[in-house]
Amino acid sequence: MPKDGGIGASTTRREDVRFLTGKGKYTADINVFGQAAAIFVRSTVANGVIKSIDTSAAESMPGVLAVFTGEDFVDVGGNPAGWLINSRDGEPMKEPKRPVLAHGKVRHVGDAYAAVIAETEQQARDAAEEIIADIEELPAVINMADALAGDNYVHDEIGTNQCFDWGWIEDNRAATDEAIKNAPHVTTLELVNNRLVPNAMEPRASIGTYDAAGDSYLLQTTSQNPHLTRLLISAFVLGIPENKLTVIAPDVGGGFGSKIYHYGEEALVLAASKKVGRPVKWVADRTEAFLSDAHGRDHVTKIELACEKDGTFIAFRSETLANVGAYLSNFSTATPTFLHGTLMAGNYTVPNVYVNVKTVFTNTAPVDAYRGAGRPEATYSLERVIDMAARELGMDPVELRRKNFIKADQFPFASAAGLEYDSGDYDALMDKMEAMIDRKAFEERRNASEAKGMLRGLGINAYVEACGIAPSNLVGVLGSRVGLYDAATVRVNATGNLSVMVGAHSHGQGHETVFPQIVADMLGIDPGSVDIVHGDTSKIPFGMGTYGSRSLAVCGSAMVRATEKIIAKAKKIAAHMLEASADDVDFTDGQFTVKGTDKSVSFGEVALKAYIPHNYPLEDIEPGLEETAFYDPANFTYPSGAYACEVEVDPETGKVTVERFMACDDFGNVMNPMIVSGQVHGGVVQGIGQALLENTTYDENGQLLSASYMDYVMPRADDLPFIAVDHDGGTPCTHNPLGAKGCGEGGAIGSPPTVVNAVIDALQSGGKNVTHIDMPLTPSRVWAAMNNA
Amino acid sequence: MYAFDIERPSTIADAVKALKDEDAQALGGGQTLIPTLKQRLAMPSALISLTGIGEMKGVCLADDGAVCIGGATTHATVAKEAAAHYPGLAGLAANIGDPAVRNRGTVGGSLANNDPSACYPAAALGSGATIITNTREIAADDYFQGMFETALEEGEVITEVRFPVPEKSHYQKFVQPASRFALVGVFVAKYADGVRVAVTGASENGVFRWSEAEAALSADFSAAALEGLTVSAGEMIADLHGSPEYRAHLVKVMTGRAVTAVA
Ligand SMILES: Cc1cc2nc3c(=O)[nH]c(=O)nc-3n(C[C@H](O)[C@H](O)[C@H](O)COP(=O)(O)OP(=O)(O)OC[C@H]3O[C@@H](n4cnc5c(N)ncnc54)[C@H](O)[C@@H]3O)c2cc1C
């Protein structure tokens with residue numbers, strides 16, 4: 001049983017009080033005395049040469065304080081790529097500069113080429129319309145295959161649209177080719193992992209404030225990791241010394257990856273504030289979010305599965321074109337490579353894996369990590385081709401997977417794609433899932449659907465992913481230019497309550513509830529006396545923020561280490577107070593007790609002593625009770641899951657309805673089951689959205705046709721079934737002190753293939769010879785597939 | 001949004017007068033117009049709100065049994081107050097947008113706008129309704145003139161819409177999944193002198209009557225009567241939600257379902 005409010009308790013989320021009563025304080029809610037407004041002027045063409053920009057009329061408009069163009073930033077740096085990927089031939093990737101404002105050329109619809117600063121937003125908008133830009137439209141490069149074939153370059157200076165051509169693992173290439181050539185059965189599938197627009201509820205916003213007196217800057221911004229944003233602005237873009245720049249990410253209304261990155265708008269409001277001598281605020285509207293937030297996914301893949309006639313896997317080989325859009329966003333080169341290729345052995349003992357990824361520049365919005373980042377793409381390719389193979393071999397899809405699963409006693413397991421999975425039990429997850437879905441009764445449910453004229457299908461899926469990113473040494477070898485540790489400072493206040501400063505950033509995850517549960521559990525105190533401080537670089541230690549399901553596994557571990565240091569020091573203080581040796585002092589339930597006696601002092605008394613060190617051994621122990629730990633894990637964590645869903649397909653209209661959905665996940669030890677359930681629900685909803693609804697479409701001229709909610713389908717409550725989740729009894733992570741694996745992305749990783757597998761199953765049951773449909777499986781696509789078959 | 005003035009007249013006469021100003025524009029529930037203004041796609045100098053005009057609001061019955069709806073009546077009011085008299089129409093109103101849209105949006109605004117995917121045009125055309133303005137009465141068959149095109153003159157105000165009540169009727173809507181307007185919507189109404197079938201969402205030319213289906217259903221009011229019919233994809237809308245062929249197919253499926261719902 002979890003302690004009251006301690007580790008494992010489903011404590012309700014304390015932050016929800018403010019979120020649900022409208023008291024959250026988001027960047028747009030902040031108004032600074034004297035602030036001016038910034039409006040960006042964005043390209044309406046996907047590719048064009050900027051011949052001239054005449055800002056004179058705009059500058060003389062009422063209220064205008066300044067107008068910026070790309071010309072103003074030619075002397076500062078660009079927004080860099082965070083990972084250096086080398087091509088198969090050893091050539092480093094192509095890294096064209098990503099300027100604060102477009103200069104010379106605009107490269108996608110929504111590319112900002114000017115900005116107006118005015119007294120009011122209205123005046124800035126009015127002036128923005130008076131900017132006369134002579135932009136000569138050029139043909140756009142939208143389709144990746146065209147981009148690689150032609151000589152119309154997104155960045156002329158690099159003379160190619162290919163960023164890199166990566167092989168993983170290049171040394172396994174020949175063996176994999178050979179294995180596939182000789183295999184008794186090969187299943188081949190070409191598929192698209194559709195581009196998604198992240199659509200955080202809160203659009204991006206930034207306020208830049210320059211303080212001339214201290215020659216220092218404050219950036220309040222919608223960020224998932226304020227320290228990285230500060231580092232990028234300081235070291236690469238504007239060169240502001242880190243000690244002169246504070247970045248605060250206050251309440252942030254969702255990110256899903258899109259707010260990991262630094263964007264030019266952040267640099268602009270800082271530079272503008274210095275120029276106009278006023279705070280400068282920008283709040284994106286929804287259209288800007290659609291056009292300029294980093295999008296997700298967008299892979300085109302050919303995957304092959306080679307196996308024996310009995311279904312034993314021999315090899316996976318895949319070739320992927322991954323769209324990076326018009327510029328490299330900070331993690332965009334890591335997502336299709338090390339977050340994707342390394343997972344291409346899946347949950348399986350398959351001996352041969354080879355992955356080739358070519359990343360391609362196109363005249364579209366930049367593409368980067370979005371919930372799951374690379375792992376959904378890997379899982380989708382694997383679990384779709386396995387399902388197809390099961391059909392071709394006439395095998396049960398569950399049995400085919402089980403036959404090839406890494407077994408519970410094989411961990412730690414070195415996968416053929418180069419990772420060492422530390423723990424897992426995939427058969428146990430599959431058992432649980434089969435029981436949950438009540439597979440035996442599926443035929444009855446299918447018959448009932450057919451009696452209504454509907455086709456019913458069952459889709460299943462298994463996934464493993466790598467998160468809790470990650471070990472700095474490993475990511476360093478893989479090309480990361482940053483470390484991926486995290487940090488926490490545990491400050492015990494004199495009166496015994498705690499402020500815990502963490503490098504992770506909570507933008508919906510519930511850290512303010514869960515992190516105190518852990519610290520309070522360790523100290524045997526009430527979680528209500530622990531508060532989290534996050535998101536402010538002037539208050540927190542240098543951490544790497546929240547994404548890749550890393551907050552608990554990495555930052556939480558740092559917090560555990562810091563709390564252990566607190567306990568160790570407090571024990572020494574208690575020993576002094578109890579006139580005993582520290583070795584003889586036990587600490588349980590918030591009490592320090594001399595072993596075998598009833599002599600004890602409470603945690604609170606020790607805290608007070610630390611800050612009022614009268615009669616205190618100052619020569620041996622420093623006063624105060626505050627500790628910091630940096631934690632860099634030994635490995636990724638490897639959550640896994642078995643998912644199932646049942647769909648009904650209306651054979652007349654092609655409309656798919658998800659009737660049932662079951663998610664069985666292994667997240668290791670779970671700190672707050674309710675919050676974890678919420679994370680799975682959210683991920684599954686986004687996965688169902690990707691599978692059935694979200695259809696990001698650029699036309700051949702690079703216009704985003706799905707640039708508003710009139711055309712971009714966000715999943716809504718009535719699109720969704722009840723989602724049953726189970727994450728009890730996971731296999732603990734073996735290398736972090738909490739035994740926790742990340743839970744933020746599993747839902748989005750596991751669900752798309754589950755849904756698509758179910759739809760194919762439904763169509764096949766209806767006698768339609770449909771083996772694959774590309775996501776999203778909209779009614780019209782399903783109908784077309786049925787009718788061409 | 002650009003700056004504009006707003007006026008709230010309380011009579012039709014005052015509204016019509018205010019609308020004489022060249023750059024003035026009528027404001028119904030604002031569910032279409034306000035988003036347009038927010039995107040700076042229109043620049044009226046003044047908005048003349050119609051929702052404070054008592055004589056343009058409410059649902060009543062005419063002597064001939066027709067349901068009369070004031071031009072500034074919201075969808076929610078129609079859903080509630082027309083339910084007893086004309087359930088097919090009330091059902092259509094009840095499924096427009098979401099509660100917020102239904103409590104603001106008006107029948108006059110919807111018909112004046114004549115969005116090719118809107119629901120009300122199907123009901124008006126399918127019922128052979130009469131659109132009444134401050135100057136004249138227009139038969140639905142003459143009123144709809146293509147996507148976003150109507151017979152309305154500049155400054156003309158829809159004050160009332162009169163719907164003859166059929167024996168049976170049903171609106172079958174296949175939603176466009178993002179906007180939840182009609183990807184294809186079919187309004188079927190069976191009158192003593194024949195069946196009317198009006199289709200929205202599908203055609204490049206806006207709402208239209210499917211006359212072959214009308215003839216077939218007038219002879220035999222059952223989904224089976226549609227079996228031999230086909231709909232040409234020729235003038236159907238193509239967009240990312242559906243091809244012309246898909247829409248043509250849905251017209252027939254939705255018509256059949258509408259008939260089955262009440263046959
Ligand atoms: C989220 C959302 C979902 C929606 N879903 C649907 C749906 O499923 N089906 C559907 O049919 N519609 C839908 N709509 C549209 C809705 O029905 C609107 O009410 C309708 O389009 C316009 O009506 P309005 O009263 O809001 O008009 P306004 O937006 O105020 O005006 C629209 C146009 O009509 C003019 N106008 C307004 N009233 C009159 C009048 N009495 N006489 C002459 N001209 C007038 C205005 O000048 C303007 O040009 C949706 C809207 C939204 C925002």
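Begin by selecting Asn404(A), which lies in helix 10 of chain A, residues 397-404; helices (H or I, at least four residues) and strands (E, at least two) are DSSP runs, numbered from the N terminus. The model is predicted, so local features need pLDDT of at least 70 and side-chain atom pairs count only at pLDDT 80 or more, while totals for chains, interfaces and linings use all residues. Residues are numbered from 1 along each chain as its sequence is written, chains are lettered from A and ligands numbered from 1 in the order in which they are written, and side-chain values use heavy atoms, with hydrogens and water left out.

Stay on Asn404(A), which counts as buried because its relative accessibility is 2%; buried means under 20% relative accessible area, exposed over 50% and partly exposed in between, with a 1.4 Å probe and protein chains only. The side chain of Asn404(A) reaches the backbone oxygen of Leu400(A) at 2.9 Å. Leaving aside neighbours within four places in sequence, select next the residues in contact with Asn404(A), which are Gly311(A), Thr312(A), Phe313(A), Asn347(A), Tyr348(A) and Thr349(A); contact means heavy atoms within 4.5 Å.

Now move to chain B, where there are 10 helices and 12 strands. The radius of gyration of chain B, taken over C-alpha atoms, is 18 Å, close to the 18 Å that the globule rule gives for 263 residues, so chain B is as compact as a globular protein of that length; the rule is 2.2 Å times the number of residues to the power 0.38. Buried residues make up 53% of the 263 residues in chain B.

Next, select the ligand and the 29 residues that surround it, of which the closest are Ala26(B), Gly29(B), Thr32(B), Thr106(B) and Cys119(B); a residue belongs here if one of its heavy atoms lies within 4 Å of the ligand. Helix 6 of chain B gives the most to this shell, with 4 residues, and strand 2 (24-27) and helix 6 (107-113) of chain B each supply at least two.

Finally, look at pairs of N or O atoms within 3.5 Å. A backbone N or O atom of Gly29(B) lies 2.7 Å from an oxygen atom of the ligand, a polar side-chain atom of His75(B) lies 2.9 Å from a ligand oxygen, and a polar backbone atom of Ser110(B) is 3.4 Å from an oxygen atom of the ligand. Taken alone the ligand exposes 960 Å², and the protein buries 89% of that, with accessible areas coming from the Shrake-Rupley method with a 1.4 Å probe.

Conventions:
Polar contact = N/O pair within 3.5 Å; in protein donor to acceptor, adjacent residues only side chain to side chain.
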